[in-house]
Amino acid sequence: MKHFESTVTIMDIPFISTTRDEFVTHHLIPHLNRQQKCFVVTANPEIVMKARENDSYRQIIQAANYIVPDGVGILKAAQYQRQPLQERVTGYELTLDLLNYANEQGLSCYFLGAKEEINYKAVSEVKKTYPNITIAGHHHGYIDIEDETFAQSIKESQPDMIFVALGSPKQEQWIVKHKDKFDKGLFMGIGGVFDVLAGEVKRAPQMWVDLNLEWLYRLLKQPFRFKRILTVLEFMLRIYSRRY
C-alpha cells in the first residue's frame with residue numbers, strides 16, 4: 001500500500017484525501033498511461049467494518065494502491081477525527097470517469113460480475129454510450145474466485161481496466177488473488193454499479209445526493225437494505241465512542 005501524505009486513517013484503513021477530478025487526473029491516468037497495475041478500493045462504512053472484524057480482509061484492503069471514501073459515513077468519521085477528507089469519491093462516479101477516459105483513448109475494459117442478464121445489459125449500454133472502448137470481455141459474477149484458469153483467460157484478453165462487481169469482500173479477494181498474473185490493468189471493485197449501468201437500479205436524484213441522503217433514498221427504494229444501515233449505525237457509534 002502506498003501511503004501518501006494526504007491520507008486520513010479510519011479504523012486502520014488509510015483513505016486518500018483528494019477530489020475526484022484530482023484523483024483521476026493525477027493518480028489513475030498516470031498509471032494507465034504507463035501501463036502500471038493499480039488496485040483501487042472504494043470503501044464505505046460496511047467495508048471498514050468487515051475489515052475491522054476480519055484480519056485477512058483488512059490486509060487485502062490495505063494492499064490497495066488507493067482507498068477512496070465512498071460513503072457519507074466515512075466523511076463524517078473523518079470530520080469527527082478533525083481530519084476532514086476533501087470529497088466523497090464514489091465507485092459509480094469513478095467508473096464513469098474511467099469509461100470516459102477509456103473512450104477518449106480507445107482503451108480496453110473487462111466487466112466481471114452481477115447476474116448474467118445484468119452484466120449483458122450493462123456491457124450493451126457501455127457499447128452504446130462509449131463506442132470507442134474495446135470490450136476485452138465480460139462474465140457474470142457466479143464464479144469460483146479460486147479458478148486460476150478463468151483469471152488467466154481474462155489476463156490473455158489484455159484489458160487496460162478490469163471492473164469487478166462481485167460485492168465485498170469477494171471482489172477485493174478476487175483482485176488480490178489474481179492481479180499478480182496480469183502484466184497491466186487498473187483493477188477496481190465496484191459493487192452494484194453494473195445494476196445502475198444496466199438501468200435496473202436508479203441512482204438517487206442529485207438533490208438527495210447533494211443533501212448526503214442517497215442512503216435514505218436507496219433504503220426507501222430497497223427496504224431489504226435495512227441491515228446494511230444498521231452496520232453504518234454501528235460504525236458511527238464506534239467512531240463517536242472511540243471503540244475501534
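## Overall fold

Of the contacts in the chain between residues at least 6 apart in sequence, 75% link residues at least 24 apart. The model is predicted. The chain contains 12 helices and eight strands. It has 244 residues, and 51% of these count as buried.

The accessible surface of the chain amounts to about 11900 Å². Carbon and sulfur atoms account for 48% of that surface.

## Nonpolar cores

The largest nonpolar core has 37 residues. Within this core, the residues that touch the most other members are Ile 10, Phe 15, Ile 67, Leu 112, Trp 174 and Phe 235. Helix 2 supplies the largest share of the core, with four residues. Apart from this core lies another, of 36 residues, which includes Cys 38, Tyr 66, Ile 133 and Val 193.

Leaving out residues up to four places away in sequence, Phe 15 touches Ser 6, Thr 7, Val 8 and Ile 10, among others. Its partners also include Ala 43, Val 48, Ile 67, Val 68, Pro 69, Ile 74 and Leu 85.

## Ala 78 in helix 4

Ala 78 belongs to helix 4, which covers residues 72-80. Ala 78 has a relative accessible area of 0%, under the 20% limit, and therefore counts as buried.

Residues up to four places away in sequence aside, Ala 78 touches Val 8, Ile 10, Gln 83, Pro 84 and Leu 85. The C-alpha atoms of Ala 78 and Thr 9 are 8.1 Å apart, although 69 residues separate the two along the chain. Val 8, Ile 10 and Leu 85 are among the residues that Phe 15 touches, and Ala 78 touches them too.

## Glu 46 in helix 2

Helix 2 runs over residues 45-53 and contains Glu 46. Is Glu 46 buried or exposed? Its relative accessible area is 15%, and because the limit is 20%, Glu 46 counts as buried.

Neighbours within four places in sequence aside, Glu 46 is in contact with Arg 228 and Thr 231.

## Helix 5

Helix 5 has 15 residues, 91-105, and so at 1.5 Å a residue it should span 21 Å. The C-alpha atoms at its ends are 21 Å apart, in agreement with that value.

Which residues of helix 5 are buried? They are Gly 91, Glu 93, Leu 94, Thr 95, Asp 97, Leu 98, Leu 99, Tyr 101, Ala 102 and Asn 103. An α-helix has 3.6 residues a turn, so residues three or four places apart point the same way. Just after helix 5, Gly 106 adopts a positive phi of about 65 degrees.

Technical notes:
Residues are numbered from 1 along each chain as its sequence is written. This is a predicted model: local features need pLDDT of at least 70, side-chain atom pairs count only at pLDDT 80 or more; totals for chains, interfaces and linings use all residues. Side-chain values use heavy atoms; hydrogens and water are left out. Helices (H or I, at least four residues) and strands (E, at least two) are DSSP runs, numbered from the N terminus. The expected span of a helix is 1.5 Å times one less than its number of residues. Buried means under 20% relative accessible area, exposed over 50%, partly exposed in between (1.4 Å probe, protein chains only). Contact means heavy atoms within 4.5 Å. Accessible areas come from the Shrake-Rupley method with a 1.4 Å probe; for residues, only the protein chains shown count as cover. A nonpolar core is a set of buried Ala, Val, Leu, Ile, Met, Phe, Trp, Tyr and Cys residues joined through side-chain atoms within 4.5 Å.
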